[in-house]
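Work through the exercises below with the sequence and coordinates open. Each task is followed by a stepwise solution.

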Amino acid sequence: MKHFIQGFFWLGAYVFVSLLPLFVVFIGARPAGRDFVTELSVALGFVGLAMIGLQFFLTARIRLVEAPYGLDVILRFHREISLAAVGIILAHPALILWRDRSFEIFNLPAQPPRVWFATISTLALVAIIATSLWRQVLKLEYETWRILHGTLAIVALGFALGHVIGVGHYIANLWQQLLWTLMVAVSVGVLLYIRVFKPLAMKRTPWRVDQVRDEGGDVWTLQCVPEDHEGFDFSAGQFAWLTLSESPYIIEEHPFSISSSALEDDYVEFTIKELGNFTRHIGKVPPGQRLYIDGPYGAFSFERYPAAGYMFIAGGIGITPIISMLRTLRDYGDTRPLTLLFAGARLENLTFVDEIEELKQQLPHLQTTYVLEHPPDGWDGEVGFVDAELIDEHLSDYPWRNQYFLCGPMPMLINVEQALMEVGVSHTHIHAELFNLV
Ligand SMILES: Cc1cc2nc3c(=O)[nH]c(=O)nc-3n(C[C@H](O)[C@H](O)[C@H](O)COP(=O)(O)OP(=O)(O)OC[C@H]3O[C@@H](n4cnc5c(N)ncnc54)[C@H](O)[C@@H]3O)c2cc1C
């Protein structure tokens, strides 16, 4: 309920701030002799500008804002709403072009600086959208893209404000000046928070890699201990961003689910599969290596959703948040019915399988089913993929009383979600964690 109210509040705040320029700019004197199309175009420009300004706030990983939704939902919202914001902003010049029935505005050398500012801002916005939608096609490395994304966003907002000042309407009275000053102050403040104050705070809470464990199947567990501080509390299933460096100011950081129990006070663990440029070297991280942990984030946790029982469905390395939940349920001495469906390509991809079987001694109502695409000889578990039929077989008698946690590859998540909804499980009881936020 707390999260629902908070979620509702932030959504209301978002709509309010997006529309704020409309209330503020139109309370003062209006420029004389302007028609409806011009005023509509200006209104759209202002709303779009406020929406773009709010993107800085959305992506700043502010825990109070993230908590009710989970960071993945916030980032998805950021993606969708940014497209809408750019659409609204593009409608601003489009209406002016339509009103004037003239393309003179494109004759840039003949135009005043305010038109230049608007053009640069618009081009920056279009570049943001293009590089985000087609990052992989353009072969942009994730870190390069992140720097470009942030820089273009600052350019777009800065030049848009330059355009507003250059046009000179709606900046005359005190309220209007307050609005624009506040907008600039909040955007600069958020940037300073992300790039300066947050790393500074993290510098005071460094961590150290204490152990690196080989889990088999190219998967490694990093056990991390806080250096001279208390660490942090988290809910089982949440994740954090790791920066493996002496300095928290470097741009490269990666999100990983915490795999240890939430009741473990001495350390946190991350279990990581070798996949790409960064993770490929994870097994070679030397014990003693300093790191910084930005977290916890996310809403993917049984601790948020009280229920008669839980069903966990994991694919491959998607087991990491789920093993954290199982370990935590064990530490709580939980006696509710728990079901785990765990799928992988081969046996070595079922990380933690021995430990999960041992957990049954302390979790008396834990039932497990393993599904392999390529089983070894003598395999007596399931073969193939987690599909509707398999889900059906393992559902409890009252499936709608349970909560469901899914983490794995996208096709699996889609199939499982559909299968659960077909047997009457409400979508509000289905929680999925995606490992590709971008
Ligand atoms: C919430 C969440 C929890 C995760 N938990 C785990 C886990 O427990 N264990 C595990 O092995 N993996 C986990 N991942 C996936 C892991 O973050 C990525 O595999 C890793 O960041 C990519 O690094 P790489 O070296 O494998 O690939 P790279 O070669 O560095 O990049 C390959 C692709 O991965 C994506 N990527 C790269 N860096 C980032 C970044 N900083 N943030 C987001 N995406 C990025 C980009 O799409 C990039 O193109 C999780 C991801 C998320 C979003």
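**Exercise 1.** Is R213 buried, partly exposed or exposed, and what is its relative accessible area?

*Solution.* The model is predicted, so local features need pLDDT of at least 70, side-chain atom pairs count only at pLDDT 80 or more, and totals for chains, interfaces and linings use all residues. Residues are numbered from 1 along each chain as its sequence is written, and side-chain values use heavy atoms, with hydrogens and water left out.

Step 1. Take the cut-offs: buried means under 20% relative accessible area, exposed over 50%, and partly exposed in between (1.4 Å probe, protein chains only).
Step 2. R213 has a relative accessible area of 27%, so R213 is partly exposed.

**Exercise 2.** Which salt bridges does R213 form with E215 and E269?

*Solution.* Step 1. A salt bridge is a side-chain nitrogen of Lys or Arg within 4 Å of a carboxyl oxygen of Asp or Glu.
Step 2. In the pair of R213 and E215, the closest N and O atoms are 3.6 Å apart. E215 is partly exposed, at 24% relative accessibility.
Step 3. R213 also meets E269 in a salt bridge, at 2.9 Å from N to O. E269 sits in strand β5 (residues 268-273) and R213 in strand β1 (residues 207-216), so this pair ties together parts 56 residues apart in sequence. Strands (E, at least two residues) and helices (H or I, at least four) are DSSP runs, numbered from the N terminus.
Step 4. E269 has 4% relative accessibility and therefore counts as buried.

**Exercise 3.** Which parts of the chain does the salt bridge between D294 and R61 tie together?

*Solution.* Step 1. The side chains of D294 and R61 form a salt bridge of 2.8 Å, N to O.
Step 2. D294 belongs to strand β6 (residues 290-297), and R61 to the loop between α2 (36-58) and α3 (63-66), so the bridge links parts that are 233 residues apart in sequence.
Step 3. Both D294 and R61 are buried.
Step 4. Over the whole structure, a search finds 17 salt bridges.

**Exercise 4.** How do the axes of α2 and α4 cross?

*Solution.* Step 1. Axes are lines fitted to C-alpha atoms, for helices over the stretch in contact, with angles from 0 to 180 degrees between N-to-C directions.
Step 2. The axes of α2 and α4 (residues 71-100) come within 8 Å and cross at roughly 155 degrees.
Step 3. Angles under 35 degrees count as roughly parallel, over 145 as roughly antiparallel, 65 to 115 as roughly perpendicular and the rest as oblique, so α2 is roughly antiparallel to α4.
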